[in-house]
Amino acid sequence: MNLFTRAASLRRPAAPTAAQLPHESAAFAPDGMSDPALTMLTGEWMIDSAHSRIGFSVRHALVTTVRGAFTEYQSRLYFDGRDPSRSRAEIVLSTASVDTGVEQRDAHLMGRDFLDAATYPRMRFVSTAVRLVGNDVYRMAGELTIKSITRPVDLELTYIGHVMDPFGYERVGFDGTTTINRSEWGLTYNQRLAEGGAMVSEKVRLQFDIAAIRSVPGG
């Protein structure tokens, strides 16, 4: 399967009938058998960057939260509506694309104290297993690589729904989140506050707000 970029070709499927379209609340049955409506979603998808966000949040100075996102990335996604365990994902992000809305802070994050974008221009998540854990909820195990350090993470994904947009493109939505300890990936820089706490928390919450469009391999 090709690594889809933002310029990947999209497929305009024939408009399905009302009976064929899965309802947005369609889910897998509790016994693990898939809802027949979701089997039609099986296939390759690309992240629609204009309507998605791959971001993070971290506590700063104990009392505030800094939020940011990575604005440049490549992705390849495969969703198997009949057998979720066969689904897979890979996302490669540009570390130099970090954006928190403050130029000075972004420069610090891209520097050697944190991501060291000049030496490590990419960070990568690749799934290793997917399983259904509840209605519309999946647990995706994977490996996250930052600064050449690869460690396992578990991402919880919630299926939002599926629609056909006015332009004839199939869209599917997922929200995902996980929390990591940044020091385990070599992001150990910190300052201490006079009160004894850390200026930047060790815990970082990663957020994947994904809108994906069905794509054509090799387009």
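This is a predicted model: local features need pLDDT of at least 70, side-chain atom pairs count only at pLDDT 80 or more; totals for chains, interfaces and linings use all residues.

User: Let's start with Val 153. Is Val 153 buried or exposed?

Analyst: Buried means a relative accessible area under 20%. Val 153 has 9% relative accessibility, so Val 153 counts as buried. You will find Val 153 in strand β9.

User: Which residues does Val 153 touch, leaving out those up to four places away in sequence?

Analyst: Val 153 is in contact with Phe 125, Met 140, Ala 141, Gly 142, Leu 144, Ile 180 and Trp 185. Take Phe 125 as an example: Phe 125 and Val 153 are 28 residues apart along the chain, and their C-alpha atoms are separated by 9.0 Å.

User: Now the nonpolar core. Which residues of the largest nonpolar core touch the most other members?

Analyst: That core has 41 residues, and Ile 54, Tyr 138 and Leu 144 touch the most other members. Among the elements, β11 gives the most to this core, with 6 residues.

User: What lines the largest cavity?

Analyst: Its lining is made of 20 residues, and those nearest the centre are Leu 77, Ala 89, Met 140, Leu 157 and Phe 174. Several strands contribute two or more residues to this lining, including β1 (43–47), β4 (73–79), β9 (149–164) and β11 (200–214). By type, the lining residues divide into 18 nonpolar, 1 polar and 1 charged.

User: Next, salt bridges. How many does the structure hold?

Analyst: The idea is simple: side chains of opposite charge can pair when their charged atoms come close. This structure holds 9 salt bridges. One of them joins Arg 139 and Glu 156, with the closest N and O atoms 3.1 Å apart. Arg 139 is in strand β8 and Glu 156 in strand β9, so this pair links distant parts of the chain, 17 residues apart. Both partners are partly exposed: Arg 139 has a relative accessible area of 29%, and Glu 156 has 35%.

User: And which residue forms a salt bridge with Arg 214?

Analyst: Arg 214 pairs with Glu 170, and here the closest N and O atoms are 2.5 Å apart. Because Arg 214 lies in strand β11 and Glu 170 in strand β10, the pair ties together parts that are 44 residues apart in sequence. Arg 214 is buried, with a relative accessible area of 4%, and Glu 170 is buried too, at 6%. Salt bridges can also share partners: Asp 48, Asp 165 and Arg 171 are joined into one network in this way.

User: What about Arg 86 and Asp 80, whose side chains meet in a salt bridge? Is Arg 86 buried or exposed?

Analyst: Their N to O distance is 3.8 Å. Exposed means a relative accessible area over 50%. Arg 86 has 52%, so Arg 86 is exposed. Asp 80 counts as buried, at 4% relative accessibility.

Note on methods. Residues are numbered from 1 along each chain as its sequence is written. Side-chain values use heavy atoms; hydrogens and water are left out. On a 1 Å grid over the protein atoms alone, a cavity is a set of points where a 1.4 Å probe fits but cannot get out, and a pocket is an open set with protein on both sides within 12 Å along at least five of seven lines; lining residues have an atom within 4 Å of a point. Helices (H or I, at least four residues) and strands (E, at least two) are DSSP runs, numbered from the N terminus. Ala, Val, Leu, Ile, Met, Phe, Trp, Tyr, Cys and Pro count as nonpolar, Asp, Glu, Lys and Arg as charged, and the others, Gly among them, as polar. A salt bridge is a side-chain nitrogen of Lys or Arg within 4 Å of a carboxyl oxygen of Asp or Glu. Buried means under 20% relative accessible area, exposed over 50%, partly exposed in between (1.4 Å probe, protein chains only). Contact means heavy atoms within 4.5 Å. A nonpolar core is a set of buried Ala, Val, Leu, Ile, Met, Phe, Trp, Tyr and Cys residues joined through side-chain atoms within 4.5 Å.
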